Amino acid sequence: METLLASSSVRLRALLPRSCSRRVPTVRKRTLRHTPPPPPRRNMSASADAAAVTAGVPAPSPPGSGGDNPPGADVVVQYVVLRRDLIDSWPLGSVVTQGCHASVAAVWNYRHHPDVLAYCSDDNLDSMHKVTLEVKGETQLRNLSDKLKTGGIDHKLWVEQPEDFPTCLATRPYPKSQVASFFKKLKLCK
């Protein structure tokens, strides 16, 4: 029988005839690996350096904007607003899909904006902030979209095709302090 090398895992079963393989245990070398801890999570900041973000360099964080961000600090957030009437009548997966369509479309349409670049940067990809809200129906969704347009807030009203009716909307990522007032009367989606 061949010699078992200490530096590799070898299954003795493969070396023995089939009739004997059930009685031979598998021998494995145990290796302890040290994996470094993941980098600290950082919240998004409204004061991202646009030139650095555009160049693909993560935006510098202002003091206190790291993972130990104090409560109430200004983070970059994307708002997604769904219709309650659809939540109650459509399959949950279909409604979630509509929200995903709107969210991705809003990010893609404004992909060159510094806030979007910072929101989607490698350093912040695992710490995105989204708020999912609801309105009663189509009229309220259209009214909200008009209000956002009037206020100069970039967003995507998702209109399902070929039915041609709006199902939800999503803003591009914004510093929360710039957009929260537009959504303060809406309920969290449950």
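Phe-165 is partly exposed, at 21% relative accessibility. For the scale: buried is under 20% relative accessible area, exposed is over 50%, and partly exposed is in between, with a 1.4 Å probe and protein chains only. This is a predicted model, in which local features need pLDDT of at least 70 and side-chain atom pairs pLDDT 80 or more, while totals for chains, interfaces and linings use all residues. Residues are numbered from 1 along each chain as its sequence is written, and side-chain values use heavy atoms, leaving out hydrogens and water.

Rings of Phe, Tyr and Trp (its six-membered ring) pair if their centres lie within 6.5 Å; planes under 30 degrees apart are stacked, over 60 edge-to-face, and the rest tilted. How many aromatic pairs does the structure hold? Two. Tyr-79 and Phe-183 are stacked, 4.3 Å centre to centre with 10 degrees between the planes. That pair links distant parts of the chain: Tyr-79 is in strand β1 (residues 76-83), Phe-183 is in helix α6 (residues 176-183), and they are 104 residues apart. Helices here are DSSP runs of H or I with at least four residues, strands are runs of E with at least two, and both are numbered from the N terminus. Tyr-79 and Phe-183 are both buried.

Next, Trp-90 and Phe-165. Their ring centres are 6.0 Å apart and their planes stand at 80 degrees, so the pair is edge-to-face. Trp-90 is in the loop between α2 (84-89) and α3 (92-109), Phe-165 is in strand β4 (residues 165-171), and 75 residues separate them. Trp-90 is partly exposed, with a relative accessible area of 25%.

Rings also meet charges. A charge sits over a ring if NZ of Lys or CZ of Arg is within 6 Å of the ring centre and within 35 degrees of the ring normal. Arg-111 puts its charged end over the ring of Trp-108, 3.9 Å from the centre. Arg-172 does this over Tyr-174, at 3.6 Å.

The Gln-161 to Pro-162 peptide bond is cis, with omega near 5 degrees. Pro-162 lies in the loop between β3 (155-160) and β4. Asp-164 is in that loop as well. Its phi is near 65 degrees, a positive value in a residue other than glycine.

On to charges. Side chains of opposite charge can pair when their charged atoms come close. A salt bridge here is a side-chain nitrogen of Lys or Arg within 4 Å of a carboxyl oxygen of Asp or Glu. The whole structure has six. One of them joins Asp-85 and Arg-83, with the closest N and O atoms 2.7 Å apart. Asp-85 is partly exposed at 31%, while Arg-83 is buried at 6%.

Which residues does the salt-bridge network link? Arg-84, Asp-88 and Glu-134. Arg-84 bridges to Asp-88, with the closest N and O atoms 2.7 Å apart. Both lie in helix α2, four residues apart, about one turn of the helix. Asp-88 is exposed, at 55%. Arg-84 also bridges to Glu-134, at 2.9 Å, N to O. Glu-134 lies in strand β2 and Arg-84 in helix α2, so this pair ties together parts 50 residues apart in sequence.

Stay with Glu-134. Strand β2 covers residues 130-135. Is Glu-134 buried or exposed? Buried, at 13%. Contact means heavy atoms within 4.5 Å. Beyond four places in sequence, the contacts of Glu-134 include Val-81, Ile-87, Leu-186 and Cys-189.

Another buried site: Ser-145, at 1%. Ser-145 is in helix α5 (residues 138-150). Leaving aside neighbours within four places in sequence, Ser-145 contacts His-155, Leu-157 and Leu-169.

Last, the whole chain. There are six helices and six strands. From the N terminus, the order is α-β-α-α-α-β-α-β-β-β-α-β. Of the 190 residues, 34% are buried. Among contacts between residues at least 6 apart in sequence, 68% join residues at least 24 apart. One C-alpha example is Ala-180 and Val-77, 103 residues apart along the chain and separated by 9.3 Å. Ala-180 is in helix α6, partly exposed at 26%. The chain exposes about 12300 Å², with carbon and sulfur atoms supplying 56%. Those areas use the Shrake-Rupley method with a 1.4 Å probe; for residues, only the protein chains shown count as cover.
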